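Colleague: Could you take me through the metal site in this model, and then through what surrounds it? I would like a close look, with the cut-offs spelled out as you go.

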Amino acid sequence: MSGAVGARRSTPADVTGTTPDPAGGGSATLPPPIASGLYGCCPRCGARTLFRSVTAFADRCPACGLRFSDFNVGDGPVVFLTLGIGALVTILALWLEFSVSPPFWVHLLLWPPVTLAMVMGALRVAKGLLLALEYRNRAHEGRIAKD
Ligand SMILES: [Zn+2]
């Protein structure tokens, strides 16, 4: 019964303020995981504190104290991004060559920065999304329980 009263008091201030940990079962008030990828939002409080550079995570969230260094997204997204973006850039280069036939130096100047920008942008989104999903699903390495 007290839960119904608590649910009625849910206001926008509650959403942006202290949000319950996933352990408490209150995941409905967490920011969407894609926000962590697109905007670098902290998966717990929603502040834009996830990244300290383009693709590197900050150590912790200064707003709520969540330690991002405890999460390990690993190299999972890199393989798929490399293969996908490599195929996409190859298709775009072939399309440009067969439709416009520019001099070869145009390819040399155009595709390296385009590839780098696509990889950096996609890597940031993928890393943020994976960290948010790890946080939301409480995924982590196995630990030995202490009695
Ligand atoms: Zn936070």
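Modeller: Happy to! Let's start at the metal: the zinc ion has four protein donors, the SG atoms of Cys 42, Cys 45, Cys 61 and Cys 64, at 2.2 to 2.3 Å. Donors here are N, O and S atoms within 2.8 Å of the metal (3.2 Å for Na, K and Ca), and since water is not among the atoms, sites may look incomplete. Please keep in mind that this is a predicted model, in which local features need pLDDT of at least 70 and side-chain atom pairs count only at pLDDT 80 or more, while totals for chains, interfaces and linings use all residues. Residues are numbered from 1 along each chain as its sequence is written, and side-chain values use heavy atoms, leaving out hydrogens and water.

Around the zinc ion, the four donor atoms subtend angles of 106 to 113°, so the arrangement is tetrahedral; for four donors that label requires all angles to lie between 85 and 135 degrees. The ideal angle for four tetrahedral donors is 109.5 degrees.

Along the sequence, the donor residues follow the spacing C-x2-C-x15-C-x2-C. Cys 42 and Cys 64 lie 22 residues apart, each in the loop between helix H3 (33-39) and helix H4 (76-99). Helices are DSSP runs (H or I, at least four residues), numbered from the N terminus.

How accessible are these donors? Cys 42 counts as buried because its relative accessibility is 0%, and Cys 45 is also buried, at 15%. Cys 64, at 28%, counts as partly exposed. The cut-offs are under 20% relative accessible area for buried, over 50% for exposed and in between for partly exposed (1.4 Å probe, protein chains only).

The structure holds zero of them. Cys 41 is in no disulfide, and its nearest cysteine sulfur, that of Cys 42, is 8.6 Å away. At 8% relative accessibility, Cys 41 is buried.

Beyond its neighbours within four places in sequence, Cys 42 is in contact (heavy atoms within 4.5 Å) with Pro 31, Ser 36, Ala 47, Thr 49, Cys 61, Cys 64, Leu 66 and Phe 68. In the largest nonpolar core, which has 14 residues, Cys 42 and Cys 61 are among the members that touch the most others, along with Leu 50, Phe 57, Leu 66, Phe 68 and Leu 131. Such a core is a set of buried Ala, Val, Leu, Ile, Met, Phe, Trp, Tyr and Cys residues joined through side-chain atoms within 4.5 Å.

One of the contacts of Cys 42 is Ser 36, which sits in helix H3 and is buried at 1% relative accessible area. Leaving out residues up to four places away in sequence, Ser 36 touches Cys 41, Cys 42, Pro 43, Leu 50, Phe 51, Gly 128 and Ala 132.

That brings us to the aromatic rings. The whole structure has two aromatic pairs. Phe 51 and Phe 57 are stacked, because their ring centres are 5.3 Å apart and their planes meet at 25°. Rings of Phe, Tyr and Trp (its six-membered ring) pair if their centres lie within 6.5 Å, with planes under 30 degrees apart counted as stacked, over 60 as edge-to-face and the rest as tilted. Phe 51 is buried at 13% relative accessible area, and Phe 57 is buried at 14%.

Key:
Tetrahedral: all angles 85-135°; square planar, octahedral: opposite > 155°, others 65-115°. Helix = DSSP H or I, 4+ residues; strand = E, 2+ residues; numbered from the N terminus. Disulfide = S-S within 2.5 Å.
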